[in-house]
Amino acid sequence: MNPRPALSDLPSRFDLVVIGGGITGAGILHEAAAAGASVLLVEQGDFASGTSSASSKLVHGGLRYLKDGQWRLTLESVRERNRLLRSRAGLVDPQAFLMPIYRGMKPGRAVMRMGLAAYDAMGGQWRSRSLTAQQALQMQPTLRREGLLGAVAYEDARTDDARLVLRLVFEAVEAGAVALNYVRVGEVLKASGRVRGVALRDLRSGATREIEAGMVINAAGVWSCALPGDPGGAPTLRPLRGSHLIFPLGRLPLQQAVSWLHPRDRRPVFVYPWEGVALFGTTDLDHGAADPARPEMTRDEALYLMEGLAHQFPDLRLSLKDAISSYSGLRPIVAGGKDQPSAESRESAIWSGPGWIGITGGKLTTFRLTARQVLHLAARQLPALAPRAETPLASATPADSERVRARYGSAYVDWLSRSPWAGDRDGIAGTPYTWGELRWAARREAVLHLDDLLLRRTRIGLLLPQGGAALLDRVAAVCREELGWDSAQWAHQRSRYLELWRLRHAIAP
Ligand SMILES: Cc1cc2nc3c(=O)[nH]c(=O)nc-3n(C[C@H](O)[C@H](O)[C@H](O)COP(=O)(O)OP(=O)(O)OC[C@H]3O[C@@H](n4cnc5c(N)ncnc54)[C@H](O)[C@@H]3O)c2cc1C
């Protein structure tokens with residue numbers, strides 16, 4: 001999608017301006033562009049740099065929501081999961097789960113079986129089953145053995161959250177939308193009691209511009225109550241921090257995901273194989289008034305996570321020194337006055353006024369439903385924004401399920417077959433990525449900073465020790481050739497990346 005348009009190149013008016021380039025904004029952009037509306041999305045950081053690159057990366061109904069009686073959320077999520085498994089195969093893939101059952105555990109096997117039967121029924125497929133202790137240990141020999149009665153097995157799905165956002169953004173741009181990263185809405189503009197547009201600032205060039213809009217949508221996640229010129233009506237948010245640890249699969253071997261209750265507070269936690277590593281999470285804590293741009297894992301969270309791991313896999317004797325990296329994100333939850341953070345509802349909230357809709361909360365999994373709901377509401381004020389009719393899905397073809405095609409699109413696959421760089425098919429240091437993917441991302445995917453490339457276009461910075469510092473010389477050559485960075489620019493980008501990695505992904509000793 002390079003080169004990125006300057007603010008001065010934009011038309012003076014769009015049907016729709018979307019504030020925020022996370023999954024919510026990207027989903028709305030995608031649906032609105034498909035419906036033929038003229039639409040602009042602006043993101044103050046990189047696309048998916050907020051919560052949408054820091055989720056647990058599960059596309060799931062959420063069994064725990066079922067337990068809390070959130071039937072509608074579970075049903076919608078299960079249906080969307082199934083739809084994504086078909087339409088985005090290769091980017092959204094099935095994930096088998098094992099939930100061990102121990103003596104005296106609540107809920108016990110009977111209740112779990114009932115819950116899973118309801119979960120299966122919602123998804124229209126019978127995937128869950130009961131296992132004996134022996135069968136469970138065959139599948140996962142490292143489980144805690146003491147008191148083990150058996151397990152239940154079921155299926156959900158996993159994704160790469162940042163890549164999902166990026167695919168939606170780039171597909172929308174191919175359909176005629178405009179999407180700009182590193183552009184902030186400095187003010188929401190109003191006239192005669194109606195929102196009429198936004199004042200933008202390009203954080204790279206410093207350029208400013210006012211854009212008129214038929215409708216403005218606030219999809220700014222945990223920032224959605226803090227927009228200058230906010231016309232009001234937003235619910236009070238309770239940002240809840242969730243942190244994850246990443247381990248090498250060699251230290252924490254997994255055949256499938258394992259989910260269990262944390263011994264300290266009975267919250268569900270899980271670990272699963274993701275992009276060649278073991279991803280373990282998560283916490284659920286009030287972030288309070290701390291800076292939403294700095295959701296860093298605290299030492300207490302790291303210890304809580306390690307306590308959970310030691311409980312389930314005592315023989316592995318894992319320590320924090322084994323972890324490769326960590327990351328934290330903020331759930332944009334609507335404050336419902338519950339004592340415990342985990343008791344707050346995960347449903348989304350929508351509010352509106354003349355020329356204006358706000359949306360927050362919700363899940364990665366249900367982005368498409370959220371987008372359609374928002375656009376139906378927007379169409380009451382501006383009929384051009386009505387989403388197109390729902391189309392039944394064709395089943396995935398083998399080509400659709402190719403990992404790279406699902407992530408980068410067909411143009412990448414064509415380009416790779418003609419790429420003159422001999423090393424482009426080489427894998428990057430045991431990760432699922434190739435140098436070709438990195439080069440393509442640098443060339444075509446609106447990369448402005450090194451962290452865009454290593455933390456979101458690819459996830460190499462999470463998968464390798466020290467954020468992949470050992471590879472940086474070869475990455476520098478790609479950036480020089482594709483982004484034209486000279487040695488001063490590279491030195492700046494390198495130190496910015498390593499500092500960011502130290503703050504947000506290193507494990508405190
Ligand atoms: C720890 C954790 C685990 C989770 N796990 C799952 C999971 O496994 N499955 C699931 O379905 N869901 C999960 N979720 C929920 C899901 O990740 C979030 O609901 C979702 O990512 C929120 O997306 P968003 O687009 O609303 O917010 P964000 O991704 O935060 O996007 C909002 C964007 O708005 C931008 N912005 C703010 N102000 C401005 C401005 N003035 N101008 C321009 N841009 C602006 C921000 O920079 C930000 O990028 C999880 C959440 C967390 C925190």
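**Entry 1: cis peptide bonds**

I began with Pro107, which I located in the loop between strand S4 (92-102) and helix H4 (109-123). The model I am reading is a predicted one. I looked up the peptide bond from Lys106 to Pro107 and found it to be cis, with omega near 0°. I then turned to the peptide bond from Gly281 to Thr282, which is also cis, with omega near 0°. I placed Thr282 in the loop between strand S14 (277-281) and strand S15 (285-286). I noted these bonds because most peptide bonds are trans.

**Entry 2: positive phi angles**

I next looked for backbone angles that stand out, since most residues other than glycine have a negative phi. Ala446 is not a glycine, yet its phi is positive, near 55°. I found Ala446 in the loop between H11 and H12. Is Ala446 buried or exposed? Ala446 has a relative accessible area of 1%, so I recorded it as buried.

Gln466 also has a positive phi, of about 55°, although it is not a glycine. I located Gln466 in the loop between H13 and H14. Its relative accessibility is 51%, and therefore Gln466 counts as exposed; the cut-off for exposed is over 50%.

**Entry 3: helix H11**

I then examined the helix that Ala446 follows, H11. How many of the ten residues of helix H11 (residues 435-444) are buried? I recorded eight, so the helix is largely enclosed by the rest of the structure. The buried residues are Trp435, Gly436, Glu437, Leu438, Arg439, Trp440, Ala441 and Ala442. I asked what covers the buried residues of H11. The cover includes H9, helix H10 (410-418), helix H12 (450-457), helix H13 (460-463) and helix H14 (472-483).

**Entry 4: domains, and the contact between two of them**

I consulted the domain assignment of the protein, which gives three entries:

- Domain 1 covers 7-52 + 162-236 + 345-385.
- Domain 2 covers 92-157 + 241-327.
- Domain 3 covers 402-504.

I looked up the C-alpha centres of domain 2 and domain 3, which lie 31 Å apart. Twelve residues from domain 2 and twelve residues from domain 3 take part in the contact.

The size of an interface is often given as the accessible area lost when the parts come together. For domain 2 and domain 3 the buried area is about 1000 Å², and carbon and sulfur atoms give 56% of it.

Strand S16 (residues 325-334) gives the most to the side of domain 2 that touches domain 3, with three residues. I sorted the residues of this side of domain 2 into seven nonpolar, two polar and three charged.

I recorded the salt bridge of Arg407 with Glu275, in which the closest N and O atoms are 3.3 Å apart. Both residues belong to a network of salt bridges that links Lys57, Asp160, Asp161, Glu275, Arg403, Arg407, Glu437 and Arg459.

Arg368 forms a salt bridge with Glu80, with the closest N and O atoms 3.0 Å apart. Arg368 lies in helix H8 (residues 367-379) and Glu80 in helix H3 (residues 71-87), so the pair ties together parts that are 288 residues apart in sequence. Arg368 counts as buried at 12% relative accessibility, and Glu80 counts as buried at 5%.

Asp156 and Arg81 meet through their side chains in a salt bridge of 2.7 Å, N to O. Because Asp156 lies in strand S6 (residues 148-159) and Arg81 in helix H3, this pair ties together parts that are 75 residues apart in sequence. I recorded Asp156 and Arg81 as buried.

Arg372 forms a salt bridge with Glu390, the closest N and O atoms lying 3.4 Å apart. Arg372 is in helix H8 and Glu390 in the loop between H8 and helix H9 (403-408), 18 residues apart.

Technical notes: Residues numbered from 1 in each chain as written. Predicted model: local features only at pLDDT ≥ 70, side-chain atom pairs only at ≥ 80, totals over all residues. Heavy atoms only, no water. Domains from an automatic or database assignment. Contact = heavy atoms within 4.5 Å. Buried area = accessible area lost by both parts, 1.4 Å probe. Salt bridge = Lys/Arg side-chain N within 4 Å of Asp/Glu carboxyl O. Helix = DSSP H or I, 4+ residues; strand = E, 2+ residues; numbered from the N terminus. Nonpolar A, V, L, I, M, F, W, Y, C, P; charged D, E, K, R; others polar. Buried < 20%, exposed > 50% of the residue type's maximum accessible area, 1.4 Å probe, protein only.
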